[in-house]
Amino acid sequence: MSRVKKLACCLFILLSSTVCLAQEDSLVRPPSGVTPQTVSLFNKAADDLNSKRYQEASDKFGQIVRIAPNFAEAHLNYGTSLQGIGAYKEALSELRTAISMKPDMPNVLYSLGTCYQNLGDLKAAINAYKQYLRAEPRGTFVPMAQSSITVLETELQRTSGLSSFEDSSNYLAEVTQNGMVRWPESRMPIRIYIKPGDGVPGYRPAFAAILRQSFQEWVDASRGKIRIAYTNDPQQAAVKCHWTNNTRELSTLSEGGQAIVVPDNLGARSTTLVILTVFPLSNSLVSDGYVHRVCLHEVGHAFGLYGHSRSPEDAMFGTIRPDERGIGLTSRDRNTIYSLYAMPAEKFANQNINMSRVAMSGDPSSPLNRSIAMNAEGVEILKQKNYPLALQKFETALQIYPANEFVQSNIAVCYSSWGADEANTGHYEQAVVYLKKSIEILELQHDKERLPLLLKNLSLVLRKLQRTSEAVQIEAKLKSL
Ligand SMILES: [Zn+2]
């Protein structure tokens, strides 16, 4: 009879990007002695910054702070421009200068938060966001700051057991502290479906090519250990990708994308990958470079890198940096994926994923995360074979977040196990009911992997009950698979 398969789920976080903070012209009161020419240059630079021409903005603001070193707003915008070109340390220094000159500019605090986050200093980032919330409780960036605090605090908690960061050639220990999963050889090539994004606001055709390129970069890094194939049929795919401009599909406001990986006792089994086509809140367009970073990061998760690197240069760093410099895998990224797949199979035998720690990534109050937490409770109850209660948990998980495909899978697992138990204790009529419910779900999901065993079990039970004609029908179905 079929055995309970431990289906689990994982969720990964992405952190916020820098938001442009150019000052409204009318709000800026330059310090005395600043010439009209400098004010004019400031306005031109602010236009550059608003239009995300960071290099030009940075050149102009750099010039202004040399001419007028006590111009606080110029330091703020210089810092923001520097973040745009990836010069985070220099940006930090400018933002600190701005706040020391003019402590009543709450937006600097928010910008400081993003800067610390991009530099990997999570504690300082949380602190800056909290100061911003206190200074401007109704500010534009309040939702982003709140979301970032939640995400960063859970990330800090998640990595609290790790020793202090040491530079090494890979970060396998950092990304696998909640357990190790990879795609098993038997499921390769991994079949990938990319849903066309036509009609999704903000989507551009180049995005699909960027996503494919991102898959290929990790495949190349695995040195032949990961093999992929694309399909146009979502039902044939183990990895399903789609585009959205709706942040509510994701587990936190501050995400750029998300990968939900569903493993079973063989390894990774399926993945849903979502990429945002706009920046959260602002709804402004994302650049190709930014999409590339998000895609690389999410594909890394999809291939089994469950956690995050603590080094800001790596693709698997927890924050997606907004600048366009050095987009691609680092040697540490490449070494890490290779190490994961080069590890002997025996090492994976006893690797269980710590669901409670994995599920707390992202914002715990989001519908998706609440659904995942409820699902995790169901999985634990299922292990105790309390089928009615497990079903109740799964049904609730589904109500909270109806698009949760892996919860459906778990309901199927629950019924098949329940049916198996009933059959093993001689309750054949009841077994038929449960096995049929399970088969119904698996057929809807086109699950060719588990369906044969269940059909076989059902035909055995039907024969026990001497319902021969039904058994023959099921056997015919089995043969047609
Ligand atoms: Zn992530």
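Q: Are α4 and α5 roughly parallel or roughly antiparallel to each other?
A: Roughly antiparallel (over 145 degrees, on a scale where under 35 is roughly parallel, 65 to 115 roughly perpendicular and the rest oblique). They pack at an angle of about 155 degrees, with axes 10 Å apart. Axes are fitted to C-alpha atoms over the stretch in contact, and angles run from 0 to 180 degrees between N-to-C directions. This is a predicted model, where local features need pLDDT of at least 70 and side-chain atom pairs 80 or more, while totals for chains, interfaces and linings use all residues. Residues count from 1 along each chain as its sequence is written, and side-chain values use heavy atoms, without hydrogens or water.

Q: Which residues of α4 and α5 meet?
A: On α4 (residues 88–101), Y88, A91, L92, L95, R96, A98 and I99 are in contact (heavy atoms within 4.5 Å). Their partners in α5 (residues 106–118) are V108, L109, S111, L112, C115, Y116 and N118.

Q: New topic: how many salt bridges are there?
A: The whole structure has 16 (Lys or Arg side-chain nitrogen within 4 Å of an Asp or Glu carboxyl oxygen).

Q: What does E73 pair with?
A: K102, at 2.5 Å, N to O. E73 lies in α3 and K102 in the loop between α4 and α5, so the pair ties together parts 29 residues apart in sequence.

How values were computed
Helix = DSSP H or I, 4+ residues; strand = E, 2+ residues; numbered from the N terminus.
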